[in-house]
Structure formats: C-alpha cells, structure tokens
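Hi,

Here is the structure I promised to send over.

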Amino acid sequence: MFAEGPKTTTGTEAPGQNTGGFPPFNTATYPSQIFWLTVTFVALLVVMWRVAVPRIAGVIDERKGRIQSELAKAEENRKQAEHAAAAYQAPILEARERARAASEATRGEVAKEFEQAKVTADVEIQRKTTEAQERIAAMEQQARAHIVQAAEDAVVEIVSRLTADTISRDEAAAAVRDAVKA
C-alpha cells in the first residue's frame with residue numbers, strides 16, 4: 001500500500017557535510033580565520049587612519065573654530081549692548097536732571113506767586129477790615145445818636161406825665177448827658 005520514497009533526514013545539516021560542530025570553533029580553520037581577521041583589521045585601521053580620523057579631526061577643528069567665532073561674536077554683542085545701555089542711560093539721566101530743574105523752577109515760581117497772593121490777600125483783608133471798622137463806628141455813632149434822641153424823648157415824656165410840666169428839648173439833652181457821664 002504505501003510505496004517507499006526517498007530517504008529523509010531529521011537534522012539541519014546539508015547531506016554529506018557533517019564536519020563536527022560550529023565552523024568558527026573548528027580548529028582546522030583557525031589559521032585562515034586569523035589571517036582574514038588581521039587583513040580586515042589592517043584594512044579598517046588604514047581606512048580609519050586615512051579617511052575617518054582626518055574627517056573627525058576636521059569636524060572637531062571646525063566646531064572649535066565655530067565656537068571661537070561665536071564666542072567672539074557674543075563678546076562683540078555684549079560690548080555693543082554695554083555701549084547701547086550707556087548711550088541709553090545718558091539721555092535718561094539728562095532728562096531726569098532737566099525734570100528736577102524744571103520742578104525746582106516751578107516750585108520756586110509757585111512759592112513766589114503764593115507769597116504775592118498772600119500779600120495781596122493781606123492788603124485786601126486789611127482794607128476790608130478798616131472799612132468794616134469804619135462802618136461799625138458810623139453805626140455806633142448813629143445808634144448813640146438814636147439812643148440819645150430816644151432818651152431825650154423819654155425824659156420829655158416822663159417829666160410831662162409825672163409832673164405835668166413840659167421841659168425843653170435842651171433841658172432833656174443836658175439831663176441825658178449828665179446821666180451818661182455819671
């Protein structure tokens with residue numbers, strides 16, 4: 001029923017090449033491995049020495065040069081910034097000084113105007129006080145005159161009612177003057 005076919009193997013080696021283990025560990029191939037290792041190492045060393053190392057050194061030198069130029073530019077910019085700051089501060093200080101001087105001048109003018117206004121106000125107050133005192137003195141004079149007149153009228157009336165005599169206005173004025181002096 002079943003026909004026999006070709007013979008199969010169960011391993012991973014190619015048929016007929018069973019040399020006994022992993023090839024790099026095979027002692028028979030050591031001399032060729034060492035030779036090729038040496039050739040490869042020397043070739044890589046020559047390539048690194050002739051190509052890679054100069055390029056790396058060039059890149060490093062270029063970076064050093066770029067860093068130095070950037071530092072020089074930064075120093076130049078710092079100096080320019082210091083000069084700009086000094087140039088900026090000078091007008092500010094000058095403006096502050098002018099503002100202080102203007103403030104002092106204005107303060108002096110205001111004080112002078114205040115003193116002038118105070119003197120003018122004092123003169124005006126003195127004038128009005130004098131006028132008021134003169135009006136008060138005139139009113140007192142009028143009031144005394146009215147009081148004297150009223151007293152004289154009262155004396156004439158009182159004497160006429162009490163004694164039924166009439167006295168003259170001059171006699172009444174003399175009686176009032178005597179009473180005021182006493």
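Where is A164 found? A164 sits in the loop between α1 and α2 (helices, H or I with at least four residues, and strands, E with at least two, are DSSP runs numbered from the N terminus). Although A164 is not a glycine, its phi is positive, at about 65 degrees. A164 is also exposed, with a relative accessible area of 66% (buried is under 20%, exposed over 50%, partly exposed in between, using a 1.4 Å probe and protein chains only).

Before the rest, a word on the source: this is a predicted model, where local features need pLDDT of at least 70 and side-chain atom pairs count only at pLDDT 80 or more, while totals for chains, interfaces and linings use all residues. Residues are numbered from 1 along each chain as its sequence is written, and side-chain values use heavy atoms, with hydrogens and water left out.

Now the helices. The axes of α1 (residues 30–163) and α2 (residues 169–181) come within 9 Å and cross at roughly 115 degrees (axes are lines fitted to C-alpha atoms, for helices over the stretch in contact, with angles from 0 to 180 degrees between N-to-C directions). On the α1 side, V148, Q149, A151, E152, D153, V155 and V156 make the contact, and on the α2 side R169, A172, A173 and V176 do (contact means heavy atoms within 4.5 Å).

E152 belongs to α1 and is buried, at 13% relative accessible area. Leaving out residues up to four places away in sequence, E152 touches R169, A172, A173 and V176.

On to the rings. Searching the whole structure turns up one aromatic pair (ring centres of Phe, Tyr or Trp, the last by its six-membered ring, within 6.5 Å; planes under 30 degrees apart are stacked, over 60 edge-to-face, the rest tilted). The partners are F35 and W36, edge-to-face, 5.0 Å centre to centre with 75 degrees between the planes. F35 is partly exposed at 46% relative accessible area, while W36 counts as exposed at 53%.

Cheers
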